[in-house]
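Please look over the sequence and the model shown here.

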Amino acid sequence: MCNNTLPGTAMNNTESAPMFEVFKPMIEMTDGLTLSQVCSITGLEPSTIQNWVKRGFVAHPVNKKYYERQLARILLISSLRECMKIDNIGELMTMINGSADDESDDIISEQELYDYFCEIILAASDYSQPIGEIPKLVDKTMIKYNAPSESANKRLREALSVMVYAYTASEYKKRADGIFEKMREEMK
C-alpha cells in the first residue's frame, strides 16, 4: 500500500526501521534544519509550514531552525493532509500530545509516533487488502509502547488507527485516480 516515498516526504522510501533515523544525521550535521531544507525534504511550500506553525499545529522553530520534534510533526501532518482536513489533523495531534509547543504533556515523542505510523503503513503494504489487518498491526506495533497511563495507551491506539486508515484511504484514492486518468486517456 505504501508508495515509493517516506510518508510525508519527497524522499525515496528506504523501508528501514525506525524510519525517522533517516533524518537524525541531517539535523545533527546542520544543528537543525532551515525552512528551505524542511521544504526540500517534504516537498511542501514554505508558506504551508509557516501557516502550520502560526496555527499551533507545529512547535515554533528555535532560532529559525527545525529540530526532530518539529520535523516529525510536519511529516505526520504532511502524510495526512491529502485525506483529512487540516483542522482535524491539528486536533488529532493535540489529542495525542497536547500543545505543539509543550513537550510536558506528550504521551509519546513525535519521532516515535512517526516511526509507529510508518511501521504500520509499511506492514500494511504486505497485505493485498490491509483494511482488515490495521487493528492487528496497530496492536503489534503498540506492544513496545510504554504508556504513562491506560487512557494514554487507548488514545494512542485510536489515533494511530485514524491515521493509518486515513493514509490508506488516500493511497486507494490515488490508485483510483490513476486508473480513471488512464481510462480517460484511452477514451480520447
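This is a predicted model: local features need pLDDT of at least 70, side-chain atom pairs count only at pLDDT 80 or more; totals for chains, interfaces and linings use all residues.

Residues are numbered from 1 along each chain as its sequence is written, and side-chain values use heavy atoms, with hydrogens and water left out.

The largest nonpolar core holds 53 residues, and Ile-96, Tyr-114 and Leu-156 touch the most other members. A nonpolar core here is a set of buried Ala, Val, Leu, Ile, Met, Phe, Trp, Tyr and Cys residues joined through side-chain atoms within 4.5 Å; buried means under 20% relative accessible area, exposed over 50%, and partly exposed in between, with a 1.4 Å probe and protein chains only. At least two residues of this core come from each of helix H2 (35–42), helix H3 (46–54), H4, helix H5 (86–97), H6, helix H7 (134–142) and H8. Helices are DSSP runs (H or I, at least four residues), numbered from the N terminus. H6 gives this core its largest share, nine residues. In soluble globular proteins, nonpolar side chains tend to be buried together. Leaving out residues up to four places away in sequence, Leu-156 touches Ile-96, Ile-107, Ile-108, Leu-113, Tyr-116, Met-142 and Tyr-145, where contact means heavy atoms within 4.5 Å.

Aromatic rings come next. Rings of Phe, Tyr and Trp (its six-membered ring) pair if their centres lie within 6.5 Å; planes under 30 degrees apart count as stacked, over 60 as edge-to-face and the rest as tilted. By this rule there are five aromatic pairs. One of them joins Phe-20 and Tyr-114, whose ring centres are 6.1 Å apart with planes at 80 degrees, so the pair is edge-to-face. Phe-20 is in the segment before helix H1 (24–30) and Tyr-114 is in helix H6 (residues 110–124), so this pair links parts of the chain 94 residues apart. Both Phe-20 and Tyr-114 are buried. Phe-23 also pairs with Tyr-114: the centres are 6.4 Å apart and the planes stand at 65 degrees, so this pair too is edge-to-face. Phe-23 lies in the segment before H1, so its pair with Tyr-114 in helix H6 ties together parts that are 91 residues apart in sequence. Relative accessibility is 0% for Phe-23, and Tyr-114 is buried with a relative accessible area of 0%.

Val-53 lies in helix H3 and is buried, at 6% relative accessible area. Apart from neighbours within four places in sequence, Val-53 is in contact with Val-58, Ala-59, His-60, Pro-61 and Tyr-66.

Which residues line the largest cavity? They are Val-58, Ala-59, Arg-69, Gln-70, Arg-73, Ala-100 and Glu-110, and H4 supplies the largest share, three residues. The space in this cavity is about 40 Å³. On a 1 Å grid over the protein atoms alone, a cavity is a set of points where a 1.4 Å probe fits but cannot get out, and a pocket is an open set with protein on both sides within 12 Å along at least five of seven lines; lining residues have an atom within 4 Å of a point. Grid points are joined across faces, edges and corners, and a volume is the space filled by probe spheres set on the points.

The largest pocket has about 210 Å³ of space. Its lining has 16 residues, with Gly-8, Thr-9, Ser-78, Glu-82 and Lys-174 nearest the centre. H8 gives the most to this lining, four residues.
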